[in-house]
Amino acid sequence: DRQTLVAVLQFLRRSNLRESEEILRREARLLGDDLGAAALRGSVATIASSSPGVAAVAAVPPGKGGAGAGAVGSVSRVGGRPLPAEPLGTERGCASRSVSVVLGHKGSVSGVVVEDQPDVSAVLSAYNQQGDPTLYEEYYSGLKHFIECSLDCHRAELSQLFYPLFVHMYLELVYNQHESEAKSFFERFHGDQECYYQDDLRVLSSLTKKEHMKGNETMLDFRTSKFVLRISRDSYQLLKRHLQEKQNNQIWNIVQEHLYIDIFDGMPRSKQQIDAMVGSLAGEAKREANKAKVFFGLLKEPEFDVPLDDEDEEGENEEGKPKKKKPKKDSVGSKSKKQDPNAPPQNRIPLPELKDSDKLDKVMNVKEAARRVRLGPECLPSICFYTFLNAYQGLTAVDITDDSSMIVGGFADSTVRVWSVTPKKLRSVKTAADLSLIDKESDDVLERIMDEKTASELKILYGHSGPVYGTSFSPDRNYLLSCSEDGTVRLWSLQTFTCLVGYKGHNYPVWDTQFSPYGYYFVSGGHDRVARLWATDHYQPLRIFAGHLADVTCTRFHPNSNYIATGSADRTVRLWDVLNGNCVRIFTGHKGPIHSLAFSPNGRFLATGATDGRVLLWDIGHGLMVGELKGHTDTIYALRFSRDGEILASGSMDNTVRLWDAFKAFEDLETDDFTTATGHINLPENSQELLLGTYMTKSTPVVHLHFTRRNLLLAAGAYSSQ
């Protein structure tokens, strides 16, 4: 396109890149006079603009091997259609997020907008292509025929093109108001798409007019984020040759403009290797996305003295913590003397200081751990199920404190209810007037400040104005978080059972919230597609993690608190760095929205569960899927590793709890460099061997799981009578 060329040449001249300008002019056979004349006619705006394809232009002077075509290729492209003589493209679309180019149709000129959420009409105008609408079916079926007749080894890889091409061609027809052609195109080819795209196709089928596309977020996302396909070089060459021979420009334009083809060298992947990884809203993750270093090791535990004289526990005060005894030195508290080589630096992010009560709690924890049952295939945990009966208010969230002394339920009637699970009742602190009468020096001052008159085993917290979708106890059991459809996250005191703060940042429902394992920080995720990191003493979020293409449905802190995992309805899981807010891992493979996440206690692995009934296991360090556990027949809402990481428990809407052998699943992983480089994962077909037990409830979907400090498994859910 001549205008584009002229604009590029002007830009190169202004930037004093004479050499590149000369090369490009020679290639395009444009003389200096032409350039001047074009400029005089004023037909070209400045180069923060152009027809499709020229975003920020990276001008590269010709290197040793790269005069001529090579240099042109490097000049002429950062994310759109290529200028002529483009060398074989490898990884495209690097500019798709940072500079969103407003693409006009051929010959039109429009400005570049540097922002993340592009203007709707500008985004859609990219579909303003003048292809012959009657030939779309022919183009598509021609490509389909070519792919189905290609060799088996290429067919599986090239079949990944069907879905994104189908969507973009359909949208192009709708946008250009060829409604009957669009309808016939949809009806003819929608049955060929993979079953896991059914929900997306249902949304697509409702878009039949240009006006419908304006307000549809899903389609906007599909349009702005390039669909990522991972294809071997051989398969890519085959496709390129076919499209060039057939002069099939309509399809080639879509491939160039809307797809990001991540090319790798080596054997093409098999159908099952591809099926394991695809299915998310924007295709697979680019391999580059999972290359950053992640400090997945655990932080060193602080050292403190553990009293050894294990007298009977009459000396417990109301907190369930022993009174301070004369400590005798013991090394149990300092069990991790060596620094884990994969751990982040101790001061990488500021963590709160340990209070005395925290130290006492750690002492209790160490004692409990000494009596912990070692689980394994021969020794499965007992399961204690807490059923919420007559929960006609609609149970929507559950959490259990780390020491298993309290359980909280969030309900659709906007209440938060806290129960004591031990014989000890829940009591509030006395009023200020009564507190002033207490002798502050007495030994049992902590006992005296509690008001016996308020003792009860249930406390109801009122404040939200919509269903409560997430709850989380702080590690020290002094606070409780709840998040709701009303767009707020509330922090409650468990000393006074009142609301201390309402955090307003999300404008839409907040689906999940969780405290950091060290307290102080917490994360929330919601319908606005972002997760936010907060600190209890700031009313504004500290970090906003943006990148998901649909609701953030669940959130989890890594055990070392330096990272946060988020699961989303876009069918991907992302791992974010708390320090700088970067996304350091993108995991694709689930075929439905993700509803549960669990980190292994050693911090190396992540388990994820979704509406597709599969549990996927991920190696965080290598950024690879390492296992798939099949067995559940409905959404998995709860996942939890036992305290020593030997067993993974999963709870589902299919009314079962299943136990899996996590030790065996992670035992001998082959993560060689080739696998990490190409993503050729070989999932063992042994998920039935890893299943240690299935436990049915009568009619209670499982919404929460928790291992006590001694490895008893607690499960919770609300009985449903239908």
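Residues are numbered from 1 along each chain as its sequence is written, and the model is a predicted one, in which local features need pLDDT of at least 70, side-chain atom pairs count only at pLDDT 80 or more, and totals for chains, interfaces and linings use all residues. Side-chain values use heavy atoms, with hydrogens and water left out.

The protein has 21 helices and 31 strands. Helices (H or I, at least four residues) and strands (E, at least two) are DSSP runs numbered from the N terminus. Of its 722 residues, 54% count as buried, where buried means under 20% relative accessible area, exposed means over 50%, and partly exposed lies in between (1.4 Å probe, protein chains only). Contact is defined as heavy atoms within 4.5 Å. Among contacts between residues at least 6 apart in sequence, 62% join residues at least 24 apart.

Helix α8 comprises residues 162-175. At 1.5 Å a residue, the 14 residues of α8 should span 20 Å, and the end C-alpha atoms are 20 Å apart, which agrees; the expected span is 1.5 Å times one less than the number of residues. Of the 14 residues of α8, 14 are buried, so the helix is largely enclosed by the rest of the structure. Q177, which follows α8, has a positive phi near 60°.

The axis of α8 comes within 12 Å of that of helix α10 (residues 198-205), and the two cross at roughly 10°. Axes are lines fitted to C-alpha atoms, for helices over the stretch in contact, and angles run from 0 to 180 degrees between N-to-C directions. The two helices are therefore roughly parallel to each other; angles under 35 degrees count as roughly parallel, over 145 as roughly antiparallel, 65 to 115 as roughly perpendicular and the rest as oblique. On the α8 side the contact is made by Y163, F166, V167, Y170 and L171, and on the α10 side by D200, L201, L204 and S205. An α-helix has 3.6 residues a turn, so residues three or four places apart point the same way. The contact residues divide into seven nonpolar, one polar and one charged. In this classification Ala, Val, Leu, Ile, Met, Phe, Trp, Tyr, Cys and Pro count as nonpolar, Asp, Glu, Lys and Arg as charged, and the others, Gly among them, as polar.

Strand β3 (residues 227-232) pairs with strand β4 in the parallel sense over six bridges, two strands being paired if DSSP finds at least two bridges between them. Within this pair, R230 stands opposite D262 of β4. Strand β4 (residues 259-264) is mostly covered, with six of its six residues buried. Both faces of β4 are covered: L259, I261 and I263 are buried on one side, and Y260, D262 and F264 on the other.

Four strands form an open antiparallel sheet in the order β6-β7-β8-β9. β6 (395-400) and β9 (458-461) stand at the edges with a single partner strand each, so one side of each is left without a neighbour in the sheet. The twist from one strand to the next averages 20°. Strand β8 (residues 416-420) is joined to β9 by four antiparallel bridges, and K459 in β9 is the bridge partner of V418.

A further open sheet of four strands has the order β10-β11-β12-β13, again with antiparallel pairing. Its edge strands, β10 (468-473) and β13 (498-504), each pair on one side only. Direction ignored, neighbouring strands of this sheet are turned by 20° against each other on average. Five bridges join β10 to β11, and S472 has L481 of β11 as its bridge partner. The hairpin of β10 and β11 has five residues between the strands, and R477 there takes a positive phi near 65°. Strand β11 (residues 479-484) is in turn joined to strand β12 (residues 488-493) by five bridges, with L481 opposite L491 in β12. Three residues lie between β11 and β12 in their hairpin, and G487 in the turn has a positive phi of about 85°. Five of the six residues of β11 are buried.

S524 is found in strand β15 (residues 521-526) and is buried, with a relative accessible area of 0%. Not counting residues up to four places away in sequence, S524 touches V489, H506, V510, D512, T513, V530, A531, R532, W534 and T555. S524 and P541 are 17 residues apart in sequence, and their C-alpha atoms are 9.7 Å apart.
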